[in-house]
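Colleague: I'd like a close look at a single part of this model. Please take the contact surface between the two chains.

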Amino acid sequence: MNANTNKKFFGERLLNRLVYPRKVEDYVQMFNPIWSSGKILGQVIQVRKETTDCTSIILKVNDNWTGCDAGQYAMITVEIDGKKYSRMFTISESGRDSVTFTVKRNGDGLVSNWINDAAKLDDIIEISAPQGDFTLLEIKQKPVIMVAGGSGITPFWAMLQDMRDLASSREVALLYYSPKKDDTILLKPLQDLAASLRNVELTVVHTRDKAAIDGKHYFGAQAIESLSVNPQDAEIFVCGPSSLIGDVETYCNDNGLADAFHKEYFTPPVIEVAAEDLSITFSQSDIVLQNGDGTLLENAERAGLTPEHGCRMGICQTCTCKKVSGRVKNIVTGDVLDEDVSTIQLCITAACDSDVVLEL
Amino acid sequence: MNAIVDLNKKLDNSFAKILNTDEGKAWVEEMGAELEEIRQRVMDDLGERDIEYMRKVMKWQKRLEIGGRASLFLGFLPPFWLAGAGMLSVAKILENMEIGHNLMHGQFNWSRDEKMHSDTYEWDNVIPADHWKYTHNFEHHTYTNIVGIDHDVGYGLLRMDDSQKWDPRFLFQPISSIALLAFFQHFVSVHYFKLDKLIEGSLSEEEKAIHKKEWPKVKRKQLKQLAKDYLLFPLLAGPFFLFVLTGNITANLIRNVWAALVIFCGHFPKDVETFHASVIENETKGQWYVRQIKGSANISGGKLLHLMTGNLSHQIEHHLFPDMPANRYKEVAAEVQAICKKYGVDYETGTMTTQLKSVYKRIFDKSLPPKETKNKIGKFINKFRKFEDA
């Protein structure tokens with residue numbers, strides 16, 4: 001996942017022999033903490049408060065960063081009280097040697113709250129190579145409808161900046177849902193950008209504002225069909241809470257737009273409560289747990305185990321675990337996995353309708 | 001099992017006696033529970049200050065290393081040679097003891113920092129990390145002081161315990177111990193291959209196969225290390241290569257001797273107990289804890305001693321809690337000592353001089369044949385005398 005460039009600078013091989021068993025990087029980092037022979041490292045150069053709940057961290061990155069496509073995300077690794085934690089965040093701004101992540105508090109989430117409360121100048125953060133295909137790359141010059149909910153605005157902000165930089169004339173309608181005006185992340189920058197680009201229409205709906213326009217509170221056919229871009233002509237992108245994604249997906253399926261639909265989850269979809277008299281057995285730890293709400297990862301943690309994990313939403317493959325038996329469901333795709341002995345990702349799998357045995 | 005050990009001589013030591021009574025077994029469990037509580041409390045508290053401490057040590061170790069090697073390039077001037085060899089010695093000692101040994105115990109695995117993880121850390125000496133982790137973390141820490149299984153008892157070279165069978169080569173062990181000190185890193189690098197078993201032909205086919213597979217690892221590491229210190233750096237010094245070479249040899253020598261002496265102090269002082277293999281059958285955690293205390297000894301001293309011994313001055317605490325970050329040993333030492341007092345278990349500690357004197361006395365003592373053998377030799381010589389008289 002890291003941008004292991006594999007090209008060595010002149011003399012690096014010899015120098016590595018001289019510092020064996022360390023690496024040249026270990027010594028260079030005494031002077032330049034973000035120098036690395038293969039990893040993308042960033043140092044915080046600015047902490048920008050967007051709202052009470054949202055903070056952007058701007059990082060100076062090393063030469064292993066070679067840019068990204070607008071809308072992509074990366075896995076960042078931060079250190080909190082001595083321990084490293086990795087999470088995925090959309091790259092909200094990206095330059096030649098700087099990268100910005102705009103992070104909203106995710107409930108009690110450890111990392112998102114740390115970024116909002118404790119991230120400070122000079123902190124070192126590791127960044128993976130950019131990932132994801134939630135981009136405008138494949139869409140030639142087709143008009144685009146962007147539906148954003150809350151922090152889901154970030155990939156669209158990245159895309160719009162990109163369009164401004166490339167002087168793109170693509171027709172875009174951005175429908176942005178946020179609870180209240182004060183909580184609206186990047187509102188001013190978006191308004192400025194929309195004002196300067198004739199082909200971009202910005203519609204902001206404050207779902208908790210009493211003064212919000214009637215009928216446009218929540219997403220629906222009327223909301224999307226009253227935009228300046230016709231859904232039937234457009235590619236439709238949605239990013240935000242899973243309920244919003246669900247609603248947009250339903251609309252697209254109902255109107256023959258399934259092929260033009262693109263989604264990006266920030267939080268894994270909510271799953272239905274699983275039957276409570278199913279048991280989960282952790283065979284290597286000799287623990288049997290009554291199943292409760294949530295994913296197998298959450299259940300393992302409730303049982304007092306600390307399985308390795310990363311993004312907690314099915315992307316980074318850190319939490320893969322061997323399932324010995326039982327029917328389980330992938331909460332992102334809805335697929336039911338029947339195959340007894342298989343490898344699953346704990347964070348996006350939940351017990352389905354049978355007892356489960358995990359090698360954990 | 002090892003034929004150098006006379007297994008018919010069952011060790012009669014106090015630990016075996018304790019475990020023979022129900023009362024003894026009970027207080028051992030109680031003591032174990034109290035020790036476990038200390039461990040849990042400290043492990044739950046680990047965080048930024050522990051990582052920052054280790055990072056600080058690693059930073060200073062690199063500074064000393066760079067300073068030492070740079071200084072040696074000017075080694076044709078005696079003060080620079082002395083400073084260079086000195087700094088490089090300290091750098092190597094810190095890297096092997098406070099940093100390497102502790103990281104490879106997994107003391108910082110909780111941080112998930114890959115530069116400090118026992119799975120990937122490789123250290124600056126000829127011993128491959130994998131082999132060290134096997135013989136030290138596994139064998140030595142599990143079978144601590146069990147004669148015949150814990151090869152740290154004598155390193156296959158010295159007779160340190162009565163239950164080890166005597167033979168004439170041990171007469172020279174005060175001298176061979178010097179060789180062990182001087183070439184410690186090399187002796188330990190072949191620990192994994194159980195040379196004593198190889199010599200007597202008691203290796204199993206499985207062991208032989210594993211050793212054959214692992215031998216290239218040692219060769220590679222030896223080559224890389226020796227090339228670095230004895231070839232590449234001297235070459236870089238051009239006409240002054242001799243000063244760099246001697247400086248590097250000296251630094252490795254000092255590290256070897258210092259590390260070996262510290263390690264000897266950990267398990268060889270006179271009141272430290274050795275155990276018979278039978279103690280590990282069904283050994284409980286409490287019993288393991290108590291055996292660790294009885295089989296280890298501390299060195300008393302100040303902060304500098306703790307740093308330079310890689311906190312092996314707290315050998316007892318280290319053996320109780322090998323995966324606890326070593327910077328925490330000093331904090332728990334008072335509590336551990338109090339618990340030992342409460343349960344009447346000896347807590348062996350002394351200054352380095354005291355401990356070393358005791359160790360060397362033992363080396364001399366055990367070099368001599370035990371009483372029965374002395375008698376046999378006497379009788380044999382008498383036979384000769386009678387023959388001559390006739």
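Colleague: How many salt bridges does the rule find across the interface of chain B and chain A?

Modeller: Five salt bridges cross the interface of chain B and chain A (a side-chain nitrogen of Lys or Arg within 4 Å of a carboxyl oxygen of Asp or Glu). This is a predicted model, where local features need pLDDT of at least 70, side-chain atom pairs count only at pLDDT 80 or more, and totals for chains, interfaces and linings use all residues. Residues are numbered from 1 along each chain as its sequence is written, chains are lettered from A and ligands numbered from 1 in the order written, and side-chain values use heavy atoms, without hydrogens and water.

One salt bridge joins Asp26(A) to Lys115(B), with the closest N and O atoms 3.1 Å apart.

On the chain B side, H3(B) gives the largest share, nine residues. Helix H3 (48–73) and helix H9 (205–236) of chain B each supply at least two (helices are DSSP runs of H or I, at least four residues, numbered from the N terminus). By class, this side has 17 charged, nine nonpolar and three polar residues (charged: Asp, Glu, Lys and Arg; nonpolar: Ala, Val, Leu, Ile, Met, Phe, Trp, Tyr, Cys and Pro; polar: the others, Gly among them).

In total, 29 residues of chain B contact 17 of chain A (heavy atoms within 4.5 Å). The two chains bury about 2000 Å² between them, 56% of it on carbon and sulfur atoms (accessible area, 1.4 Å probe, lost on being put together, summed over both parts). In chain B, Lys62(B), Arg112(B) and Lys115(B) lose the most area to chain A, together 26% of what that side buries. Lys115(B) is also the partner of Asp26(A) in the salt bridge above.
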